[in-house]
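Colleague: I am new to this structure, and I would like to learn how the words used for it follow from the values. Could we go through it together, one term at a time?

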Amino acid sequence: MNLLPSTARVAVASVLTTVTLGAMPTLAHALVIEIDASQSSVTYSPGGFPLCDPDGNCGVLPPPQTFALSGSFKLQQETVFVTTSLFPPDGYERQQIRFETPVIESGGASALGFDFPTYFAVLSGEDFVANENPCTWFPSTGGCWSMGAFGSYAGTFNGTTLSMTGTDYVGDFFPSRFDFTLVARAVGVSTVPEPGTLACLAIGVLGLGAMRRRPAPLNV
């Protein structure tokens, strides 16, 4: 009997299983952050300018309104490679944080157009800073041109407590402005396998299955 196919299946399955077990799950940790409503708020300042009639009687803009902020979000930390030159190739690794899946209660501010920021911030030690203007995202050698009012935020995160202030805009020609202050604390960790990890685990399961299903040798 030719035992080569059976032996090859066992060898391949063994190699796949060894590779998989040698690359045990690499997990991405997203901290769950809960907002302290007693120290967090957003202030809405209407945009535009007062209108005047032909007699010079001018109206006034509505006064700013302040709303409490509460809720939670996930803080995801990531490392990205930023290309600074193509000829010759060059770049550096940048630490970033991103606020994901926000569940935010901002009272009337959300009805007026307030959006909690989900664009990334550059992290340096405990400090982070972010700007919604895409021209600030990539320090490339090419030019970049943009216009309009862009949101921004900055603050600190020491692994437990996050403090930040920021600005958001809504509207086109004379945008209204939201200024927010936020204090929040980590309350838990959400652990999610990376897609590559799931692929490795799938290969390992197939390898183990191939080993279990190999036919028993025949007596010849």
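Modeller: Let us begin with Gln 96, which touches Gln 76, Gln 77, Glu 78, Val 80, Phe 120, Ala 121 and Leu 123 when residues up to four places away in sequence are not counted; a contact here means heavy atoms within 4.5 Å. This is a predicted model, in which local features need pLDDT of at least 70 and side-chain atom pairs count only at pLDDT 80 or more, while totals for chains, interfaces and linings use all residues. Residues are numbered from 1 along each chain as its sequence is written, and side-chain values use heavy atoms, with hydrogens and water left out.

Colleague: Why is Gln 96 called buried?

Modeller: Buried means under 20% relative accessible area, exposed over 50% and partly exposed in between, with a 1.4 Å probe and protein chains only. Gln 96 has a relative accessible area of 3%, so Gln 96 counts as buried. Buried residues make up 25% of the 220 residues in the chain.

Colleague: Where does Gln 96 lie?

Modeller: Gln 96 lies in strand β5, where helices (H or I, at least four residues) and strands (E, at least two) are DSSP runs, numbered from the N terminus. The chain has three helices and ten strands.

Colleague: How many aromatic pairs does the structure hold?

Modeller: The structure holds ten aromatic pairs, and one of them is formed by Phe 99 and Phe 128, with 6.4 Å centre to centre and 85° between the planes. Rings of Phe, Tyr and Trp (its six-membered ring) pair if their centres lie within 6.5 Å, and planes under 30 degrees apart count as stacked, over 60 as edge-to-face and the rest as tilted; the pair of Phe 99 and Phe 128 is therefore edge-to-face.

Colleague: What makes this pair a link between distant parts of the chain?

Modeller: Phe 99 is in strand β5 (residues 89–105) and Phe 128 in strand β7 (residues 127–131), 29 residues apart. Phe 99 is buried, with a relative accessible area of 1%, and Phe 128 counts as buried at 3%.

Colleague: Why is the pair of Phe 114 and Phe 180 called edge-to-face?

Modeller: The ring centres of Phe 114 and Phe 180 are 5.7 Å apart and their planes stand at 65°, so the pair is edge-to-face. Phe 114 is in the loop between α2 (108–111) and β6 (121–124), and Phe 180 is in strand β10 (residues 176–193), 66 residues apart.
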